Amino acid sequence: MKFQGSDQYVATQDLMLAVNAAITLKRPLLVKGEPGTGKTMLAEEVARALNMPLLQWHIKSTTKAQQGLYEYDAVSRLRDSQLADDASVEKVRDIRNYIVRGTLWQAFTSEQPVALLIDEIDKADIEFPNDLLRELDRMEFYVYETRELVRARHRPVVFITSNNEKELPDAFLRRCFFHYIKFPDADTMQKIVDVHFPGLKQELLGAAMKTFYDVRNLPGLKKKPSTSELLDWLKLLVAEDIPPEVLHSKDEKVSVPPLVGALLKNEQDVTLFEKLVFMQRHNR
């Protein structure tokens with residue numbers, strides 16, 4: 001079971017090696033990188049390429065590790081116990097009716113191997129990764145309410161993404177295979193664009209790529225535009241039928257591109273960019 005890329009996702013050689021190393025070691029693949037570099041899409045494409053179902057657990061700041069295993073709905077059980085009909089009484093007797101299975105439980109008990117995505121783990125509190133150490137390591141957990149041990153039928157291929165918002169515990173990192181997705185160079189970026197826009201005119205693509213990297217390389221930007229934002233921008237350029245010459249700067253100086261809101265996402269960066277353009281125009 002090896003990942004060799006897909007027709008919808010441009011994976012570099014080192015990324016494919018990382019995926020296959022994690023599968024061989026039977027460890028979660030911890031993927032870091034700038035937002036918009038395709039970390040979540042990697043799990044989706046690996047699952048598709050390996051013909052495996054994908055279960056996704058998107059982490060929020062309020063997410064607890066227990067929710068990935070199961071939750072006991074005591075409120076519903078109490079409410080049902082207060083009803084007088086026979087159906088409710090029968091239901092209340094079996095506590096299993098009030099155990100809500102989480103994403104990890106579903107992955108562990110699936111009849112076929114699955115891919116499991118734990119997305120943006122760094123959003124949760126610092127104890128979240130530590131609370132999952134045993135479950136991800138031993139592929140089992142105990143349900144105290146029913147006194148049963150749930151073991152994984154098949155070890156899922158686990159992907160864990162992080163945007164580096166906070167450091168992860170060393171004990172957790174030790175159990176993962178790590179890969180950092182670097183921002184694509186121009187050649188890799190062109191391959192990515194070709195996958196999403198196979199019929200894009202080369203003149204427009206060349207002008208758009210130059211403008212994109214000019215914007216991204218500006219010093220002092222609070223948020224550099226990402227791969228996903230480039231794709232959004234190209235989609236808008238095509239939809240609005242923007243001619244390539246609008247993107248060209250005759251004197252090779254930076255100019256404000258059309259639909260710049262797809263690339264720059266806060267007022268500080270837009271203001272900084274406009275000031276730079278203004279200064280260059282007056283320094284001719």
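A pocket here is an open set of grid points where a 1.4 Å probe fits, with protein on both sides within 12 Å along at least five of seven lines. The model is predicted.

**Exercise 1.** Describe the largest pocket: its space, its lining and the elements that supply it.

*Solution.* 
- Start with the volume. The largest pocket holds about 630 Å³ of space.
- Count the lining. It has 32 residues, and Y9, G36, T37, G38 and K39 lie nearest the pocket centre.
- Assign elements. α1 (13–25), α2 (39–49), β9 (177–181), α10 (186–196) and α12 (227–239) each give at least two lining residues.
- Sort by class. The lining of the largest pocket has 12 nonpolar, 13 polar and seven charged residues.

**Exercise 2.** Do likewise for the second largest pocket, and state its lining by class.

*Solution.* 
- The space is about 180 Å³.
- The lining of this pocket has 13 residues; nearest its centre lie I23, K26, R155, P156 and V157.
- α1 and β8 (157–162) each supply at least two of the lining residues.
- By class, the lining has 10 nonpolar and three charged residues, with no polar ones.

**Exercise 3.** Find the largest nonpolar core, then trace the contacts of I160.

*Solution.* 
- The core has 29 residues. I118, F128, F141, I160 and F172 have the most contacts inside it.
- Elements giving two or more residues to this core are α3 (65–69), α6 (103–109), β5 (115–119), α8 (133–138), β6 (140–143) and β8.
- α6 gives the largest share, four residues.
- Now take I160. Beyond four places in sequence, I160 contacts P28, L29, L30, V31, I118, I121, L136, F172 and C176.

Notes:
Residues numbered from 1 in each chain as written. Predicted model: local features only at pLDDT ≥ 70, side-chain atom pairs only at ≥ 80, totals over all residues. Heavy atoms only, no water. 1 Å grid on protein atoms, 1.4 Å probe; cavity = no way out; pocket = protein on both sides within 12 Å on 5 of 7 lines; lining within 4 Å. Points joined across faces, edges and corners; volume = space filled by probe spheres on them. Nonpolar A, V, L, I, M, F, W, Y, C, P; charged D, E, K, R; others polar. Core = buried A, V, L, I, M, F, W, Y, C linked by side-chain atoms within 4.5 Å. Buried < 20%, exposed > 50% of the residue type's maximum accessible area, 1.4 Å probe, protein only. Contact = heavy atoms within 4.5 Å.
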